[in-house]
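Dear colleague,

I am handing over the structure below, and after it I set out what was found. Please have it open while you read.

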Amino acid sequence: MKRALPALVLSVAALIPIWRYTPSIGSSAQAPPSPAEALSPPVPSSNSTAPPASSSDSSAPPASSPGSSAPPTTAAGPQVIAGSTVPTEKGDVQVEVTLTAGRITSVRALKAPPHPQTVAALPKLVEATLEAQSADIDAVTGATITSDGYRESLQAALDLKSGA
């Protein structure tokens, strides 16, 4: 009887994480707002020429193009390139990289699975990218699927830079 009570308590304690676990089955059409919006407030969801066309001032593009323009920018200003959308088991992953003078200055998640592991992994992936200055980074433990999608989208963006 002395052993039965601790065994029961420990068994229940071991099952609590299993009961609280929420699997990610399928993916939602919406990108998670917190990781993508936390890194940079202006979010151009698609890289097209729509933002410059909506601001009909022809003298303003040099001032507004570094933040809103995508692949082709002036050589002196930052170059913002969106990588391809990578479908993963957890949801779509897409990143946008900002290059200044050929160096990666920032990376922002445009699409990411709405998952706690992803939310925790994105800052680590961005930090590793800025340190390595390439897509050759290690996966974050616990978010391997998201890390793989992140690296693939980042590499696609960097390939667009070298092709441009």
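**What was found**

H115 has its place in the loop between β4 (103-111) and α5 (116-132), where helices (H or I, at least four residues) and strands (E, at least two) are DSSP runs numbered from the N terminus. This is a predicted model, in which local features need pLDDT of at least 70 and side-chain atom pairs count only at pLDDT 80 or more, while totals for chains, interfaces and linings use all residues. Residues are numbered from 1 along each chain as its sequence is written, and side-chain values use heavy atoms, with hydrogens and water left out.

With a relative accessible area of 8%, H115 is buried (buried means under 20% relative accessible area, exposed over 50%, partly exposed in between, with a 1.4 Å probe and protein chains only). Its side chain makes a polar contact with the side chain of Q117, at 2.3 Å (a pair of N or O atoms within 3.5 Å, of which, within protein, one must be able to donate a hydrogen and the other to accept it, and residues adjacent in sequence count only if both atoms are side-chain atoms).

As for confidence, the chain averages a pLDDT of 73, and 65% of the residues score at least 70, pLDDT being the predictor's confidence in each residue, from 0 to 100. Over residues 27-74 the pLDDT is below 50, and where pLDDT is low, the predicted coordinates should not be read in detail.

The count of salt bridges comes to 2, a salt bridge being a side-chain nitrogen of Lys or Arg within 4 Å of a carboxyl oxygen of Asp or Glu. In one of them E96 pairs with R108, the closest N and O atoms being 2.5 Å apart; because E96 lies in strand β3 (residues 92-100) and R108 in strand β4, the pair ties together parts that are 12 residues apart in sequence. E96 is buried at 5% relative accessibility, and R108 is likewise buried at 5%.

D148 and R151 also meet through their side chains in a salt bridge (2.3 Å, N to O), and, being 3 residues apart in helix α6 (residues 144-163), they are separated by about one helical turn. D148 is partly exposed at 36% relative accessibility, and R151 is partly exposed at 22%.

Returning to α5, a kink of about 30° lies at L122, shortly before the proline P123 (the bend at a residue is the angle between axes fitted to the seven residues ending there and the seven starting there). The buried residues in α5 include L122, L125 and V126.

With kind regards

Terms used
Contact = heavy atoms within 4.5 Å.
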